Each structure stands twice: as C-alpha cells, then as structure tokens.
Amino acid sequence: MEEDMIGSGINLLADDNLIIRPPSFDNEAEALGALYVLEGATLGGQFIIKQLKKNDSLAALPLAYYNVYANQTGIRWKQFLEVINRYEDHESALRGAQKAYDLYLTVAETIIPA
C-alpha cells in the first residue's frame, strides 16, 4: 500500500511526532474493510441530520459535516458495495474494519481519558 498521502508527499508512518499511528493495511481487502466503516458513517450522517432537523434550535446549525455526499449518499453507497463485493477475502476485510474501529477508539480514549 502507498504510505504517502496521495499528492501530498506526507508520510504519516515516518512521522515520529505522531501520538496516534494510522493503521497500515496488508492488502486491498483490508483497506476496503476500513473504508466500509468510513462509508457506512456517511449513512449514519443522514440519520443524524434528520434527527437534528427535528429540533428547531438545532436545525439552523451547519450540517454539511453529516451530509458528505448530499443526495448522492445512497447511490455512492451502492457503488461502494459493488466494489467491495468483488472481493472474497472477507477475513481481511474484517481485519481492516477492526483496524478502523480500533483507531477511532484510540483517538476517543486519547481525547477523553477514562
């Protein structure tokens, strides 16, 4: 997998100052498993927006963060599923998803210590 962020020249894995290390992925199926978590969050964003809009005092807040793909969310989710369903290495995809969740948990524990 490419360690440099595309087009940036930034190599996160070589930065010794990082408190939290980004995960590395052993293959494409693992990376797609992590992307499944991220793309799934876009669906959750749609639910969050609907709930926020029910409260008049919150409805005026900028909600773009929760509406990444706007009216394309469903279409993009289906397109992503078409890609990920081409892979039969489910164990690797699950490992990638777990790496993504572990990263989120580590960040949360760092920001909000127990």
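Leucine 81 sits in helix H3 (residues 73-84); helices here are DSSP runs of H or I with at least four residues, strands are E runs of at least two, and both are numbered from the N terminus. With a relative accessibility of 24%, leucine 81 counts as partly exposed. In this scheme buried means under 20% relative accessible area, exposed means over 50%, and partly exposed lies in between, using a 1.4 Å probe and protein chains only.

The model is predicted, and local features need pLDDT of at least 70, side-chain atom pairs count only at pLDDT 80 or more, while totals for chains, interfaces and linings use all residues. Residues are numbered from 1 along each chain as its sequence is written, and side-chain values use heavy atoms, with hydrogens and water left out.

**Helices H1 and H4**

Helix H1 (residues 28-53) and helix H4 (residues 90-111) have axes that come within 6 Å and cross at roughly 50 degrees. This makes H1 oblique to H4. The axes are lines fitted to C-alpha atoms, for helices over the stretch in contact, and angles run from 0 to 180 degrees between N-to-C directions. Angles under 35 degrees count as roughly parallel, over 145 as roughly antiparallel, 65 to 115 as roughly perpendicular, and the rest as oblique.

On the H1 side, Ala29, Glu30, Gly33, Ala34, Val37 and Leu38 meet residues of H4 that include Ser92, Arg95, Lys99 and Tyr104; contact means heavy atoms within 4.5 Å. By class, the contact of H1 with H4 has 9 nonpolar, 3 polar and 3 charged residues. Ala, Val, Leu, Ile, Met, Phe, Trp, Tyr, Cys and Pro count as nonpolar, Asp, Glu, Lys and Arg as charged, and the others, Gly among them, as polar.

**Salt bridges**

The count comes to 2 salt bridges, each defined as a side-chain nitrogen of Lys or Arg within 4 Å of a carboxyl oxygen of Asp or Glu.

| Salt bridge | Closest N to O |
|---|---|
| Glutamate 30 and lysine 99 | 2.7 Å |

Glutamate 30 is in helix H1 and lysine 99 in helix H4, so this pair ties together parts 69 residues apart in sequence. Shared partners join Glu30, Arg95 and Lys99 into one salt-bridge network. Glutamate 30 counts as buried, at 0% relative accessibility. Arginine 95 is partly exposed at 40%, and lysine 99 is partly exposed with a relative accessible area of 23%.
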